[in-house]
Amino acid sequence: MSPKSGKLEWIGGTGEPSPAPFARARLSNGVRVLIRPNAAIPVVAVDCWIGVGAIHETDEHAGISHFLEHMFFKGTQRFPLGSMDRLVKEMGGYNNAATSMEYTHYYIVAPAEHVWKAADLLADHLADPALPADELERERVVVKEEIRRKDDSPHGRLYTALAHAVYGSSAYAREVLGTPESLDRIDPAVMRDWWRSNYTADRIVVAIAGDVDPEEALAGAQSRFGALSPGAPPLAAPAPPAVAPGRIDVGMDVGQGYLAWGFAMPGRDDLEAMCELEVAATILGDGETSRLHRRLIDELRLVTDVGAWTYGLERAGLLGVSAVCGPDRREAVEEEIAAALAAAVRHGVSPEEVRRAQTILAADFAYDNETNAALTGTLGEFETLFGAAEVYRDVLRGIAAVTPARVNEALDRWLGPDGAVRAWVGPNGA
Amino acid sequence: MGLDHQRHALACGTVVLARPLEANDIVVARAFLPMGPLYESDDEAGISSLLQGVLTRGTHRRSASEMQDALADLGAEIDASSGSDLGSVSMRATVGTWEATLDLFLETLVEPALDPREVETEIEQTLGALEAREDQLMARATDLFRELFYGEHPFHKRVLGYSHTVATFDRDRVAAAWRRFYRPYPPILVAVGRFDPEILLERLESAFGRTPLVPPEPRPPVAVPGAGARRLELDREAAYLIHGFPAPSWKDVDYPVARVLDAILGGSMSSRLFIELREKRALGYQVSSIYNDQLEGSFLAGYIVTDPARADQAAAGLAHEFRRLVEEPVAEEEILAARRYLRGSYLIGAETNAAQAMRLGRHEAYGLGQDFGDRWLAAIEAVTPEAILAFARRWFDRPATAAYVVPRGAPAF
């Protein structure tokens, strides 16, 4: 008998935007479980999050979190090699995984009747992955193919270049996929050690959404995930490097030019600044009503695509602008982007623009939380990154509370005149 | 059968499928009409796609930017796009904004401005998108495959068109395409989500009026598939290989067998292609099958992104997996797993309101009947190893169509 789990703590009422209402409990070993009932159709998503990613690695073994994600699917004692994929297919579901700078997660979406089979599979692979040596060799080749494919994509090359331009050779610029050389240094013992020290109960969050009874779901989670070994608490991120303006140009066999600029901004540890800059990025470059779209596409027809975005890790973030244009237009495009940003800093944004950005962000959040996999994605990610899934509500409220004056102060503070780090991918020799 | 819905015919003839739901706060409406490369000559390639791009850029009552502002203030979206033989215009809103969004949606359908300046902007955008597409190698390989497979048939063309065709378009061509395809309103409209069907019908009747729609033009003749191999060399890193054959279309008696076979070959990470080429031989990261199932002219292909030094092995591996199907029966367990996989994916595939609207609209537009999914899902129960073997011999025992995009100077294979 496994020890009793904690009680379900309910968060949010039924009138509230999704993913509320949901429940949380902490299992006796420290695993956190999030449950979001949804009877819309008889489907369920089970999503396991581990708070480890590329930023927690060493340069020597860069890419090991992602490599472990690949090796996760190579069987356990109870479920030999190939069973995970076969059993999920036989459920009529699908499974997948993703690794980022700060987390790794594994999920199965399946007809609701198979929820506990799905949870069994995930729990057993977290607790007892076989990590066989011969499979490690084969999978190393597959991950190198994944790197090759990324290097063939101009956008893949662009964001690699931007990360290096902004974060130099620090952990913040590390490639989630690693490099062919760092992958070669990972042997079965190193891999097993990475799994053992990171896939521990305190770093694991299990999110379940779909046609389930919450109490049954908690009992089911306790019996499957309650035996995972406790371990060290969530990892701390290293201190971010100082960011200095700079630029990186990359040549490849492409016809178009791909541009990205980044401005250093705070990370998630400054939620207020994050909300202000999210609104600022929306006004500058989210969608057809944004300033950059209106100017560079509608008025000047200079670019095919332009946008602004934010990227936030725990201790560092970026406000970015990206565009795709004919390579001969690079200078004009850069001038226009610089002018649009300078105008925003100098003259500020209007109350109408802020209101509209708030409406767009609230609606996008509703649209992005429709499926069970999306619901477990939001809950699992917030619980893993912020230590509490309900922080998504603070972000929604924070965005709704932003004023034009606060956006203007944030623009003034974070978008200095020469503060952008610039990356460019264009045709060879251009 | 199929997804529960109410069916109405408007005075003008447009069929409305309404599916009110309480599952979430989202409301989706989507109108469908025949258009796309199937109905375009070579020198008008891309006109359907361009028209759809211009359609949402303003009406007789408000400019493009006024329309965009109005939608942004509602947190709503209106999109239009074209596929290879069917186009659609859709709106997405929430329970509090759906009526106001519906008004903008109907205004877009009934009185689009097709403003000359917006046409020019959309042409510029499309030309840029076409150039950016040249940089996407999987897209290049797919284009190459389609050109070879469809030969002279209109399906060989890209939905976006080509720079030499799009550059010749102007406001008049776009307006002519609008008259030709819209006649003057879409024949099918589907709504799914938290809305009141009575309000929807009232607004639609008053927007579309009583004049009967002009019937659509007949579908052009069925494609005759081509075979052979074509190779394109670029200064890039990986090799992109596609290898395929003609396959049954929706109304073909072989369709359910093709679904089972496709699930065995490329569906999920326990498919034959994934296991044989990636898991056992580490030939690539991205490997799967594409079943381009349509009303006619369908194909089934395997693809892989691989190391150019081992591209010969990967190409042979793809060919071998099709050959195996012709030479030996699949195992009963593979069929059993494929059936469950297909049933589950069909259920999961209807998770969003938008996906449900798409399914209802496509079943209607192609005359498949709303029980189409239930029928082929029932028919897969009777699929046996012998049926798959006979099927493979009928469809795959012939020269393949193959498209290869490889780094410059890659060895021949």
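## Conventions and confidence

Helices (H or I, at least four residues) and strands (E, at least two) are DSSP runs, and they are numbered from the N terminus. Residues are numbered from 1 along each chain as its sequence is written, and chains are lettered from A and ligands numbered from 1 in the order in which they are written. The model is predicted: local features need pLDDT of at least 70, side-chain atom pairs count only at pLDDT 80 or more, and totals for chains, interfaces and linings use all residues.

The pLDDT is the predictor's confidence in each residue, from 0 to 100. In chain B its average is 96, and 100% of the residues score at least 70. For the model, ipTM is 0.92 and pTM is 0.94.

## Chain B as a whole

Chain B contains 15 helices and 11 strands. Its C-alpha atoms occupy a box of roughly 60 × 45 × 40 Å along the principal axes.

A residue is buried if 20 or more other C-beta atoms lie within 10 Å of its own, exposed if 12 or fewer, and partly exposed in between, with C-beta atoms placed from the backbone. By this rule 51% of the 413 residues of chain B are buried. Two residues are in contact if their C-beta atoms, placed from the backbone, lie within 7 Å. Of the contacts in chain B between residues at least 6 apart in sequence, 81% link residues at least 24 apart.

## The domains of each chain

Domain bounds come from an automatic or database domain assignment. Chain A is divided into domain 1 (9–225) and domain 2 (246–427), and the C-alpha centres of these two domains of chain A are 27 Å apart. In chain A, 39 residues of domain 1 are in contact with 34 residues of domain 2. On the side of domain 1 of chain A that touches domain 2 of chain A, α5(A) has the largest share, with 10 residues. That side has 26 nonpolar, seven polar and six charged residues; here Ala, Val, Leu, Ile, Met, Phe, Trp, Tyr, Cys and Pro count as nonpolar, Asp, Glu, Lys and Arg as charged, and the others, Gly among them, as polar.

Chain B is divided into domain 1 (6–208) and domain 2 (228–407), with C-alpha centres 29 Å apart. Between them, 27 residues of domain 1 of chain B are in contact with 22 residues of domain 2 of chain B. The side of domain 1 of chain B that touches domain 2 of chain B takes the most from α5(B), which gives 10 residues. Its residues divide into 19 nonpolar, four polar and four charged.

## Where the chains meet

Across the interface, 49 residues of chain A are in contact with 49 residues of chain B. Elements giving two or more residues to the chain A side include α2 (83–91), α10 (291–299) and α12 (351–367) of chain A. The most comes from α4(A), with eight residues. By class, this side of chain A has 19 nonpolar, 12 polar and 18 charged residues.

## The nonpolar cores

A nonpolar core is a set of buried Ala, Val, Leu, Ile, Met, Phe, Trp, Tyr and Cys residues joined through C-beta atoms within 7 Å. The largest such core has 191 residues, and Ala323(A) and Leu241(B) have the most contacts inside it. Helix α9 (271–285) of chain A gives the most to this core, with nine residues. Leaving out residues up to four places away in sequence, Ala323(A) touches Leu259(A), Leu296(A), Val303(A), Asp305(A), Val306(A), Val333(A) and Ile337(A). Apart from this core lies another, of 70 residues, including Val52(A) and Tyr103(A).

## Selected residues and backbone features

Gln358(A) belongs to helix α12 of chain A. It is buried because 20 other C-beta atoms lie within 10 Å. Beyond four places in sequence, Gln358(A) touches Val279(A), Ile399(A) and Ala400(A).

Most residues other than glycine have a negative phi, and most peptide bonds are trans. The peptide bond from Ser18(A) to Pro19(A) is cis, with omega near 10°, and that from Ala20(A) to Pro21(A) is cis, with omega near -5°. Pro19(A) is in the loop between β1 (9–11) and β2 of chain A, and Pro21(A) also has its place in the loop between β1 and β2 of chain A. Leu131(A), not a glycine, has a positive phi of about 45°; Leu131(A) lies in the loop between α3 (115–127) and α4 of chain A. Ala282(B), not a glycine either, has a positive phi of about 50°, and Ala282(B) is in the loop between α10 (272–280) and β9 (284–292) of chain B.
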